[in-house]
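Have a look at the fold first, then read on.

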Amino acid sequence: MLDPAARLLELNPDLIAAGAARAGKENADHGDEPAQAVPTQVDLNTLPADGAIHWGNPAAPKVVVFSDFHCGYCNKLSAELKAIGARVEERPISIFGAQSRKDSERVLCSPRPEVALNAAYSGLALANPGPCDTSGLDANEAFAKAHGFGGTPVIVRPSDGAVIEGYRPAAALRAFLTAAPSNPKG
């Protein structure tokens, strides 16, 4: 039986590439430029509608989540968002490499993206739906890069663009989504 780390790499060999890319970037920086800090607020108005998968309760508070279907914390976060009955606009980005991008394309191009999203998080094989316009995924990637989103999940409150990074339990998500908006950045 494989140890947990070997099993993880067997399941997701892109982790090596993702880690090497991060290490290469850190070594290339040589401390000359500070790492880009994730902003506390972003303007979501530049993102196209076709880069998102919508799911959840349409009458609930809305949240935008930048995620990777190979991210365990993104999977856990989706369960917490379901638990609070949130209305989710999920915007895939491929943190873990080429297979993440392929899975994002398969989900977004699926005739039923919400079903495909759940399959992706469950580790089920995704159908190849055929070619479709993936410019929305390109926009998600560019937005994430421009704002320094180097990991997932990244959670954004649409009312004011407030950003929090990483997994949060249901109670923290509920508090974040129902908090009074701060002044939006212009």
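Predicted model: local features only at pLDDT ≥ 70, side-chain atom pairs only at ≥ 80, totals over all residues.

## Ground rules

Residues are numbered from 1 along each chain as its sequence is written, and side-chain values use heavy atoms, with hydrogens and water left out.

Helices (H or I, at least four residues) and strands (E, at least two) are DSSP runs, numbered from the N terminus.

## The sheet

Five strands make an open sheet with mixed pairing, in the order β1-β3-β2-β4-β5. Two strands count as paired if DSSP finds at least two bridges between them. β1 (53-56) and β5 sit at the edges with a single partner strand each, so one side of each has no neighbour in the sheet. On average, neighbouring strands are turned by 25 degrees against each other, direction ignored. Axes here are lines fitted to C-alpha atoms, for helices over the stretch in contact, and angles run from 0 to 180 degrees between N-to-C directions.

Now for β4 (residues 154-157). With β2, β4 pairs in the antiparallel sense over three bridges, and V154 in β4 is the bridge partner of F66. With β5 (residues 162-165), the pairing is antiparallel over four bridges, and V154 stands opposite E165. The hairpin of β4 and β5 has four residues between the strands, and G161 takes a positive phi near 80 degrees there.

## A helix on the sheet

Which residues of helix α7 (residues 170-178) are buried? They are A170, L173, F176 and L177, where buried means under 20% relative accessible area, exposed over 50%, and partly exposed in between (1.4 Å probe, protein chains only). Down the axis of α7, these buried residues fall within an arc of 130 degrees, so they line one face of the helix; the arc is that of the directions from the helix axis to the C-beta atoms. A171 and T178, on the other side of α7, are exposed.

The buried residues of α7 pack against β2 (62-67), α3 (72-83), β4 and β5, with contact meaning heavy atoms within 4.5 Å. α7 packs on the sheet by touching β2, β4 and β5, and its direction makes about 35 degrees with that of β4.

## Helix α4 and the cysteines

Buried residues in α4 include R101, D103 and S104. S104 has a relative accessible area of 3% and touches F69, P92 and L137, not counting residues up to four places away in sequence.

The structure holds one disulfide, meaning a pair of cysteine sulfur atoms within 2.5 Å. The disulfide joins C109 to C132, with S to S at 1.7 Å, and is left-handed, with -55 degrees about the S-S bond. C109 lies in α4 (residues 98-109) and C132 in the loop between α5 (113-122) and α6 (135-146), so the pair ties together parts that are 23 residues apart in sequence. C109 is buried at 16% relative accessible area, while C132 is partly exposed at 35%. C71 is buried at 6%, and C74 is buried at 3%.
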